[in-house]
Amino acid sequence: VELRGYISSIFELQFQHFLDNPEMQKLIQWQVSESHPLLKEISDDREAKGDPIARLTDPHFEDTGINFRAVLALVLGGIYYVVWHAGTNKSKVCGIDINDEKDKADFEKAIGQVITAIWKLAEDQRSPG
């Protein structure tokens, strides 16, 4: 549970940091919209720094049929997409407007819920019956 909580908090903080940092939003947008050696180097460095943390989760998901790293990629991509919409067009995604404090809190809570649900699913996959 401690590792799961740690991973959840990393992604919840990532959401808040990305939301609060327009420069980071522009950098990530640039990285996904243009091929450039410096941008690839930054992306590769970010992946290298995150990999040891992701590696800690691998044993929990071994032999479960769940690719937790893919789940984390979906969560991260969702964070980026929702933040970009809210900042650029002040628009909603699936009815969620993170410019609204309640929706923002609900979105952040959902990050932890997704991670917790998948974590529990892996435990259930290993349980007999």
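Residues are numbered from 1 along each chain as its sequence is written, and side-chain values use heavy atoms, with hydrogens and water left out. Because the model is predicted, local features need pLDDT of at least 70 and side-chain atom pairs count only at pLDDT 80 or more, while totals for chains, interfaces and linings use all residues.

**Glutamine 31**

Let's start with glutamine 31, which is found in helix α2 (residues 22-33). Helices here are DSSP runs of H or I with at least four residues, numbered from the N terminus. Is glutamine 31 buried or exposed? Its relative accessibility is 13%, so glutamine 31 counts as buried; the term buried means under 20% relative accessible area, exposed means over 50%, and partly exposed lies in between (1.4 Å probe, protein chains only).

What surrounds this residue? Leaving aside neighbours within four places in sequence, glutamine 31 is in contact with Leu39, Ile42, Ser43 and Arg46, where contact means heavy atoms within 4.5 Å. With arginine 46 there is also a side-chain to side-chain polar contact of 3.2 Å. A polar contact is a pair of N or O atoms within 3.5 Å; within protein, one must be able to donate a hydrogen and the other to accept it, and residues adjacent in sequence count only if both atoms are side-chain atoms.

**Salt bridges**

Now for the charged pairs. A salt bridge is a side-chain nitrogen of Lys or Arg within 4 Å of a carboxyl oxygen of Asp or Glu, and by this rule the count comes to 7. The table shows some of them.

| Aspartate 45 | Lysine 49 | 3.1 Å |

Lysine 49 and aspartate 45 both sit in helix α3 (residues 37-61), 4 residues apart, or about one turn of the helix. Lysine 49 is exposed at 60% relative accessibility, whereas aspartate 45, at 38%, is partly exposed.

Aspartate 51 and arginine 55 also lie 4 residues apart in helix α3, about one turn of the helix. Arginine 55 is partly exposed at 47%, and aspartate 51 is partly exposed at 24%.

Which parts does the pair of aspartate 51 and arginine 69 tie together? Aspartate 51 lies in helix α3 and arginine 69 in helix α4 (residues 68-88), so the pair ties together parts that are 18 residues apart in sequence. Arginine 69 is partly exposed, at 33% relative accessible area. Asp51, Arg55 and Arg69 join Asp58 in a network of salt bridges.

Note on methods
Helices (H or I, at least four residues) and strands (E, at least two) are DSSP runs, numbered from the N terminus.
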